Amino acid sequence: PVHPHTLWAVNNLAVLFWEDKKLDRSIPLFEECVRLREQQLGNAHPDTLRAKANLGVNYHDAGRFEEAIPLLEEAYQDRASPASLDWLGGKLLAAYVEVNDTAKAKAIVKRQLELVRAKTAPESPQLATELASYGYLLLTIGACSEAEPYLRECLQIRQKTMADHWLLFNTQSMLGAALVGQGKPLLSTDKEATMKKYAEAERLLLSGYHGMKQREAVIPAEGRGRLADALHRLADLYTAWEKPAKAAKWQKQLDEAESGDGAKPK
């Protein structure tokens, strides 16, 4: 029962159940793998860490985030952790987002980008893709100040490497959203600084939306929702800027785009 070949067979069976979304069957097997690996190899052995990583991801996929985080954190942070576990950062990040731990999420983003920079060339399209992904995630958790420098760097790279691509304009829209998210109420003492942010955001958001709209035919199906995101950001900008007529205009366009053929864009 505890022979290494048997344990790998149990692990592989658990992976098959996991891939088939039968978490009620994969999780008990992964739990058994972790228990036996710890007994035989200790907590820090690469095989034990992989077993904990697999169990943590299964807990995550089952919505058991409080149980997933300690396992994912241990496998991800352990200095003996093999490089093959670098992918865990994405799952750990998603778990922290689910439990609203913004500070931990921001720390993981920082470390993940350090790993990315160590493996990719400066100003490469690959780096731009990672910067955009993590910038977008930071926007979703309201970390707009942290998202801004990553999105600015991404925009600079894409202006040089893909100047006519729809992703360039999506980056402009995201950067505009980061600026709007940092704006303060217009009645605050920093009104002038806020107005400058909104003015720059307006330029980026308009350029981003129109650029994507002009290239709508070449946006892949999985990216079509970015147009609706861009419209939503324009409505948010003008609402924050206390320009209700313009906010209503963009909200109307958003409503029409989402009703379209009766289904929201994906």
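The model is predicted, so local features need pLDDT of at least 70 and side-chain atom pairs count only at pLDDT 80 or more, while totals for chains, interfaces and linings use all residues. Residues are numbered from 1 along each chain as its sequence is written, and side-chain values use heavy atoms, with hydrogens and water left out.

**Overall fold**
- The chain has 12 helices and 0 strands; helices (H or I, at least four residues) and strands (E, at least two) are DSSP runs, numbered from the N terminus.
- The C-alpha trace spans about 70 × 40 × 35 Å along its principal axes.
- Of the 266 residues in the chain, 42% are buried, meaning under 20% relative accessible area with a 1.4 Å probe, protein chains only.

- Leu88 touches Ala53, Val57, Leu72, Ala75 and Tyr76, residues up to four places away in sequence not being counted; contact means heavy atoms within 4.5 Å.

**Helices 10 and 12**
- The axes of helix 10 (residues 191–214) and helix 12 (residues 244–259), lines fitted to C-alpha atoms over the stretch in contact, come within 15 Å and cross at roughly 25°.
- Helix 10 is therefore roughly parallel to helix 12, a term for angles under 35 degrees.
- Glu202, Leu206, Tyr209 and His210 of helix 10 meet Lys246, Trp250 and Gln253 of helix 12.

Technical notes
Axes are lines fitted to C-alpha atoms, for helices over the stretch in contact, and angles run from 0 to 180 degrees between N-to-C directions. Angles under 35 degrees count as roughly parallel, over 145 as roughly antiparallel, 65 to 115 as roughly perpendicular and the rest as oblique. Buried means under 20% relative accessible area, exposed over 50%, partly exposed in between (1.4 Å probe, protein chains only).
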